[in-house]
Amino acid sequence: MAKSALITGLTGQDGSYLAELLLDKGYDVYGLVRRSSSSSFGRINHFANKIHVISGDLLDQFSLMDAIDQAQPDEIYNLASQSYVPLSWTQPALTAEYTAIGVSRLLEAIRRCKPDARFYQASSSEVFGQPDESPQTERTAFRPRNPYGVAKAYAHWMTINYRQKYDLYACCGITYTHESPRRGAEFVFRKITRGAVKIKLGLAKELKLGNLDALRDWCHAEDVVNAMWMMLQQNKPDDFIIASGETHSVKELVDCAFSYVGLNWQDYVSVDPQFYRPDEPVTLAGCVDKIKARIQWQPKYSFADLVESMVEHELKDLTDGGA
Ligand SMILES: C[C@H]1O[C@H](OP(=O)(O)OP(=O)(O)OC[C@H]2O[C@@H](n3cnc4c(=O)[nH]c(N)nc43)[C@H](O)[C@@H]2O)[C@@H](O)[C@@H](O)C1=O
């Protein structure tokens, strides 16, 4: 019999890639979707007829229990979140409702309705904040520096506590920044690759950014969702860092993207204080020794591949009349 999986955050970048991966593997895929007045199906339209969409919300306990009753999932992936760090400062309570307490609701629903389901919680490198060490490992202390990181730290520890107290198969993947053509345009990787292409095509004249010296560990979202799935196929539940193991500065990313389209970035990029984050972690780097050794995960995309694939996507999209 085919396995079934329930994904929260189905319409987001990771949810859409994970749904496609699971469909390829023959799963019966259910996705939890928050109903809103505008359609949010842009990332899943091309396979929406192959999956089951369930209406529900991490803010509503009964909708989560109903979703689990309906899907009877073997695996549950919690990818729903308020995920934009600057917004967590303007909406800290809402961020906590979705990103922190939402996970308590989901864990309660699992323990009551389907305790044998395997659970993946999307943790984030933002839990490390200003870390004591670099690269960070699964043992590095959490020192979050923004409401998003605090909410993710809560969710991380709740997941581990439910594993210990109720013996759930529950795991946390601590993902570092991960990107794709499906990434929201406000995140820096997409903003830069799309910005460079717009300038190249004469659709924009300049690009305004924040801290060019910030260092991040960037992966492709396809590699990350593959790690999520692999984590749930192991004999025992465990927590892993999911990262590329390489760091690059925002400046390096700008240089790569502009060079790819034959432009000199210094002619077009300026720093605008509105995009600066005074208290943010400036260096995040993941140690991938554990995930490579224990479950043999390895990213397929290099940093250069990621830049190339995203710039190529924007060139096609904007030449085909995208906005
Ligand atoms: C793991 C983690 O990954 C993501 O969070 P993020 O790292 O904050 O992602 P981002 O693309 O917004 O910023 C990356 C870096 O780039 C710097 N930066 C410079 N100039 C601009 C700029 O103009 N815009 C933005 N957005 N960032 C800028 C910015 O200050 C930061 O140092 C989310 O998926 C989150 O959900 C998550 O869990």
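Domain bounds here come from an automatic or database domain assignment. Residues are numbered from 1 along each chain as its sequence is written. The model is predicted: local features need pLDDT of at least 70 and side-chain atom pairs count only at pLDDT 80 or more, whereas totals for chains, interfaces and linings use all residues.

**Exercise 1.** State into which domains the protein chain is divided, and describe their contact.

*Solution.* Step 1: the protein chain is divided into domain 1 (4-178 + 221-242) and domain 2 (184-216 + 246-284 + 301-319). Step 2: their C-alpha centres lie 27 Å apart. Step 3: domain 1 gives 12 residues to the contact and domain 2 gives nine residues, where contact requires C-beta atoms, placed from the backbone, within 7 Å.

**Exercise 2.** Explain why the ligand lies between domain 1 and domain 2.

*Solution.* Step 1: there are 22 residues around the ligand, and Ser83, Ser124, Val188, Gly210 and Ala214 come nearest; a residue is near if its C-beta atom, placed from the backbone, lies within 6 Å. Step 2: both domain 1 and domain 2 give residues to this shell, so the ligand lies between them. Step 3: helix α6 (residues 188-200) supplies the largest share of the shell, three residues; helices are DSSP runs (H or I, at least four residues), numbered from the N terminus.

**Exercise 3.** Determine how α6 crosses helix α10 (residues 303-319).

*Solution.* Step 1: the axes, lines fitted to C-alpha atoms over the stretch in contact with angles from 0 to 180 degrees between N-to-C directions, come within 9 Å and cross at roughly 50 degrees. Step 2: α6 is therefore oblique to α10, as the angle classes are roughly parallel under 35 degrees, roughly antiparallel over 145, roughly perpendicular from 65 to 115, and oblique for the rest.

Methods: Helix = DSSP H or I, 4+ residues; strand = E, 2+ residues; numbered from the N terminus. Contact = placed C-beta atoms within 7 Å.
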